[in-house]
Amino acid sequence: MCKRLCALLCAFLLLSALLSFSASALRVYDVCTGDFLRFAKAVGENSGDIRSEIIVKSSKRPDFRFLHPQYTVEGPDHTYVVRFSDAAEAEESLAALRRLSGVAFAECNDYVTVQDSSVRTAAKNRSWGIRYMHSDVLADWIYQNRPNASALVAIVDSGITATHEMFQGRIHSGVSYLKTAYTKDESGHGTAVAGIIADVTKGLNVRLMIVKSINEKNVGSLVNVTAGIKYAASHGADIVNLSFVSEQCYASLHDAIRYAQNCGCLPIISAGNYGVNMDKKICCPAHMQEPIVVSGCTNLGLPYFNNCYGSSIDLCAPGSNVVAAAKNGRYARVSGTSFAAPHVAAVAAMYKLCYPDAGVRRLKELLTENTKDHGWIGFDKQYGWGVPAPNKLPLLTTGSSPVACLLAR
């Protein structure tokens, strides 16, 4: 009898110890599938040193307890963030995580940056890129022939000063992945990017989705940025503008961009201002072949002096001394590939107005087939296929068009 009691007591103590270990080793914050906001806010900026976090994608639901993490956050699309006590411990755990059955990738959380080459105050005016691309020709046609068509462009960036006059009636929705819930722009980068899109599509029903994933220092964590991309794609965005870059390659960023494309959302990515050959040195995600990657040019048709270049470049667009909205409600002249990308995002949105059923593949074809060639004949690594030329759209050049007389310009 005494032996039985001792055995039961030992079993009870062992079970208690196991339960205690389980509770202390793993705190799981369950996040409903599709709830990208709660997922990112549970980690990211709120967690201190982001390099102590590992982003994991797995087809199975792994048991991470053997690694003794501080906690695990389960997110959407089979993605997890595993938090350790410091960056060294996270680095040591990477190999073990990558060996788990079903794991597609595991990598430490990190930062991406947006790059302002120059910002100067400017009088109110429109971007010279509008006339340079002849996008006003297509805008006039859409205004007369597609008055009820609509498109939604998401800007994953530093937020937007929504009170600026350029955005009146243009904001569709807003969400912040930073510690602060408000979507007001503290750095000015997102406002300039969004202002170019609003400017090129002036008078058209192109709405803007604010996705604040970049902070006032122009940096954002992979968790916040990738969650923002997936949020935009799963909430109806037709186009997503990504004017940020990193010199490291990230599987989680590739995954988010492919997720967007699978959702029917076309990513438009700035090439970056590092001035490097991306065939030799990575600029993520601009080195990717699948999305549309945009370099910058001057009003003389020359490459922006600091362009990243390579075989992944699809298009070139105005990116030097461009007038854009400023965060203080005024206007500024900005330069950099960050501001070339939104010119293309705006043209893509206009194509969506013309062809409402066009998916990602068709939009990419329209963008790369209707261009004004720059540089070497055909494709080259500085200009891609050239500068968007919406006035060459077959919709305008065939049949009778109310703006046909303008096409010879």
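Predicted model: local features only at pLDDT ≥ 70, side-chain atom pairs only at ≥ 80, totals over all residues.
Residues are numbered from 1 along each chain as its sequence is written, and side-chain values use heavy atoms, with hydrogens and water left out.

Helices and strands are DSSP runs numbered from the N terminus, a helix being H or I over at least four residues and a strand being E over at least two. Axes are lines fitted to C-alpha atoms, for helices over the stretch in contact, and angles run from 0 to 180 degrees between N-to-C directions. Angles under 35 degrees count as roughly parallel, those over 145 as roughly antiparallel, those from 65 to 115 as roughly perpendicular, and the rest as oblique.

H5 passes H9 in a left-handed crossing (left-handed if the near helix is turned anticlockwise from the far one by less than a right angle, right-handed if clockwise). On the H5 side the contact (heavy atoms within 4.5 Å) is made by Ser 135, Leu 138, Ala 139, Trp 141 and Ile 142, and on the H9 side by Met 350, Tyr 351, Leu 353 and Cys 354. These residues divide into 8 nonpolar, 1 polar and no charged, where Ala, Val, Leu, Ile, Met, Phe, Trp, Tyr, Cys and Pro count as nonpolar, Asp, Glu, Lys and Arg as charged, and the others, Gly among them, as polar.

The crossing of H6 past H9 is right-handed. Here Val 193, Ile 196, Ile 197 and Val 200 of H6 meet Pro 342, His 343, Ala 345, Ala 346 and Met 350 of H9, and the contact comprises 8 nonpolar, 1 polar and no charged residues.

Helix H7 and helix H8 pack at an angle of about 5 degrees with their axes 9 Å apart, which makes H7 roughly parallel to H8. Residues of H7 in this contact include Leu 222, Thr 226 and Lys 230, and those of H8 include Ser 252, Asp 255 and Tyr 259. By class, the contact of H7 with H8 has 9 nonpolar, 3 polar and 2 charged residues.

Grid points are joined across faces, edges and corners, and a volume is the space filled by probe spheres set on the points. The structure holds 1 cavity of 30 Å³ or more, and the largest cavity contains about 100 Å³ of space. Helices H2 (36–41), H7 (222–234) and H8 (251–262) each supply at least two residues of its lining, with H7 giving the most, 4 residues. The lining of the largest cavity has 7 nonpolar, 3 polar and 2 charged residues. About 220 Å³ of space lies in the largest pocket, whose lining divides into 3 nonpolar, 1 polar and 6 charged residues, among them Lys 124, Arg 126, Glu 165 and Tyr 331.

Two loops carry the backbone features. The peptide bond from Cys 284 to Pro 285 is cis, with omega near 5 degrees, and Pro 285 is found in the loop between strand S13 (266–270) and strand S14 (292–297). His 68, a residue other than glycine, has a positive phi near 55 degrees and lies in the loop between strand S2 (53–58) and strand S3 (71–74).

Notes. 1 Å grid on protein atoms, 1.4 Å probe; cavity = no way out; pocket = protein on both sides within 12 Å on 5 of 7 lines; lining within 4 Å.
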